[in-house]
Amino acid sequence: MERDLIQKLQKEAGLSYEQAEKVVDSVREYILEKQGDPDWDSFLKNKASDLAEQAKEAGENLTQKLSEFKNKAVEKIDDISDKAQDKINDLRSRAADFIAPDKSSGR
């Protein structure tokens, strides 16, 4: 478990192995002085629970944003479709007038 923490400190904080090891030792000593023997398993389980909750919230936020984006896209597509249908109807009307002009206009 400590090895994982040391690797994480190396990767995320850019510490050397020795520096990360000293940090872990210092934290362990501090906890022992203030609280006695740390319960690392409970600590990590709580962290895992926190991360799971954050992942769940991020997923829910992403789902909501995607739903909003989908709704906007559908609205835009519907609007474009309506405009295209109006233009088609206008062209049909013009074509019909061209092919069979209104007799009252004197053509």
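Predicted model: local features only at pLDDT ≥ 70, side-chain atom pairs only at ≥ 80, totals over all residues.
Reader: At what N to O distance do the side chains of K8 and E12 meet in a salt bridge?
Author: Residues are numbered from 1 along each chain as its sequence is written, and side-chain values use heavy atoms, leaving out hydrogens and water. A salt bridge needs a side-chain nitrogen of Lys or Arg within 4 Å of a carboxyl oxygen of Asp or Glu. For K8 and E12, the N to O distance is 3.0 Å.

Reader: Which helix holds both K8 and E12?
Author: Helices are DSSP runs of H or I, at least four residues long, numbered from the N terminus. K8 and E12 sit four residues apart, about one turn of the helix. Both belong to residues 2-13, helix α1.

Reader: Is E12 buried or exposed?
Author: Buried means under 20% relative accessible area, exposed over 50%, and partly exposed in between (1.4 Å probe, protein chains only). K8, at 45%, counts as partly exposed. E12 has a relative accessible area of 58%, so E12 is exposed.

Reader: How many salt bridges does a search of the whole structure find?
Author: Side chains of opposite charge can pair when their charged atoms come close. One of the pairs is D79 with K83, at 3.6 Å, N to O. D90 and R94 also meet, at 3.4 Å. The search of the whole structure finds four.

Reader: How far apart in helix α3 are D79 and K83?
Author: D79 is partly exposed, because its relative accessibility is 34%. D79 and K83 are four residues apart in the helix, so the separation is about one helical turn.

Reader: Is R94 buried or exposed?
Author: D90 and R94 both lie in helix α3, four residues apart. D90 has 38% relative accessibility, so D90 counts as partly exposed. R94 reaches 56%, so R94 counts as exposed.

Reader: Which residues gather in a patch of negative charge on the surface?
Author: Patch members have over 30% relative accessible area and no salt bridge, and like charges are joined within 9 Å (nonpolar side chains Val, Leu, Ile, Met, Phe, Trp and Tyr within 5 Å). E53 lies in helix α3, residues 40-99, and has 40% relative accessibility. E60 is also in helix α3, with 45% relative accessibility. The residues of the negative patch are D50, E53, E57 and E60.

Reader: Which element has the highest mean pLDDT?
Author: The protein chain averages a pLDDT of 85, and 91% of the residues score at least 70. Helix α2, residues 17-35, has the lowest mean among the elements, 85. The highest, 89, belongs to α3.

How values were computed. Areas by Shrake-Rupley, 256 points an atom, 1.4 Å probe, with all protein chains shown as cover. Lys, Arg positive; Asp, Glu negative; His and termini not counted. Charge placed at Lys NZ, Arg CZ, Asp CG, Glu CD. Helix = DSSP H or I, 4+ residues; strand = E, 2+ residues; numbered from the N terminus. pLDDT = per-residue confidence, 0-100.
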